[in-house]
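Here is a short briefing on one protein model. Keep the structure in view as you read, and find each residue as it comes up.

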Amino acid sequence: MKFIIVFAALFALALAAPSDVEVLRSESEVGPESFQYAYETSDGTKSEAEGHLNNQGTEQEAIVVRGSYSFVGDDGQTYTVEYVADENGFQPQGAHLPVA
C-alpha cells in the first residue's frame with residue numbers, strides 16, 4: 001500500500017506540470033513490494049526511481065528508493081540530482097549541491 005501512495009504522489013507531480021509542457025515518456029510498474037517509474041517532459045524535466053521493501057515483516061522494515069531527477073533551471077543549465085532514500089533519510093548528490 002505504501003508503494004501505491006508514493007507512486008500516486010509522484011505521478012500526480014508529473015501531471016501537475018504547466019499545460020504547455022507535454023509528457024514525452026511515462027512508464028511505471030507497481031507491485032506489492034516494489035515499484036519503478038520514469039517520465040520525461042518537453043521542458044527537459046526527467047525523473048526515474050525504483051524502490052523496494054527491505055526486511056519485510058520485521059521491526060527493521062523500510063522502503064529503499066534510488067532515483068534521479070533533472071530539470072532545466074532559469075539560467076538554462078540542466079541540474080541533475082541522484083538520490084537514495086532509506087532508513088537513513090533522503091541522501092541527494094549533485095554537482096550543484098553543497099557538500100558538508
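The points below go from the sheet to its hairpins, then to the core and the rings.

This is a predicted model. Six strands form an open sheet in the order 1-2-3-4-5-6, with antiparallel pairing. The largest nonpolar core has six residues, and five aromatic pairs are counted.

**The sheet**

- The strand order is 1-2-3-4-5-6, and the sheet is open.
- Strand 1 (23–30) and strand 6 are the edge strands, and each of them pairs on one side only.
- On average, neighbouring strands of this sheet are turned by 10° against each other, direction ignored.

- Strand 1 pairs with strand 2 (residues 34–41) over seven bridges, in the antiparallel sense.
- These two strands, strand 1 and strand 2, form a hairpin with three residues between them.
- Look across this pair: Val-23 stands opposite Thr-41 in strand 2, and Arg-25 stands opposite Glu-40 in strand 2.
- Strand 2 is also joined to strand 3 (residues 46–54) by seven bridges, and the two run antiparallel.
- Here Ala-38 stands opposite Glu-48 in strand 3.
- The hairpin of strand 2 and strand 3 has four residues between the strands, and Gly-44 in this hairpin takes a positive phi near 95°.

- Eight bridges pair strand 4 (residues 62–72) with strand 5 (residues 78–86) in the antiparallel sense.
- Across this pair, Arg-66 stands opposite Val-84 in strand 5.
- The hairpin of strand 4 and strand 5 has five residues between the strands, and in this hairpin Gly-76 takes a positive phi near 85°.
- Strand 5 also pairs with strand 6 (residues 89–93), antiparallel, over five bridges.
- Strand 5 and strand 6 form a hairpin with two residues between them.
- Asp-86 has Gly-89 in strand 6 as its bridge partner.

**The nonpolar core**

- Which residues make up the largest nonpolar core? They are Phe-35, Tyr-37, Tyr-39, Ala-49, Val-65 and Tyr-83.
- Strand 2 gives the largest share of this core, with three residues.
- Val-65 touches Phe-35, Ala-49 and Tyr-83, among others.
- Further contacts of Val-65 include Glu-50, Gly-51, Val-84 and Ala-85, leaving out residues up to four places away in sequence.
- In soluble globular proteins, nonpolar side chains tend to be buried together.

**The aromatic rings**

- The count comes to five aromatic pairs.
- One of them is the tilted pair of Tyr-69 and Tyr-83, at 6.2 Å centre to centre with 45° between the planes.
- Tyr-69 lies in strand 4 and Tyr-83 in strand 5, so this pair ties together parts that are 14 residues apart in sequence.
- Is Tyr-83 buried or exposed? Tyr-83 has 12% relative accessibility, so it counts as buried.
- Tyr-69 has a relative accessible area of 33%, so it is partly exposed.
- Tyr-83 and Phe-90 have ring centres 5.4 Å apart and planes at 40°, so this pair is tilted.
- Ring pairs also link Phe-35, Tyr-37 and Tyr-39 into a cluster.

Conventions:
Residues numbered from 1 in each chain as written. Predicted model: local features only at pLDDT ≥ 70, side-chain atom pairs only at ≥ 80, totals over all residues. Heavy atoms only, no water. Pairing = 2+ DSSP bridges. Axes fitted to C-alpha atoms, helices over the stretch in contact; angles between N-to-C directions. Core = buried A, V, L, I, M, F, W, Y, C linked by side-chain atoms within 4.5 Å. Buried < 20%, exposed > 50% of the residue type's maximum accessible area, 1.4 Å probe, protein only. Contact = heavy atoms within 4.5 Å. Phe/Tyr/Trp six-rings, centres within 6.5 Å; stacked < 30°, edge-to-face > 60°.
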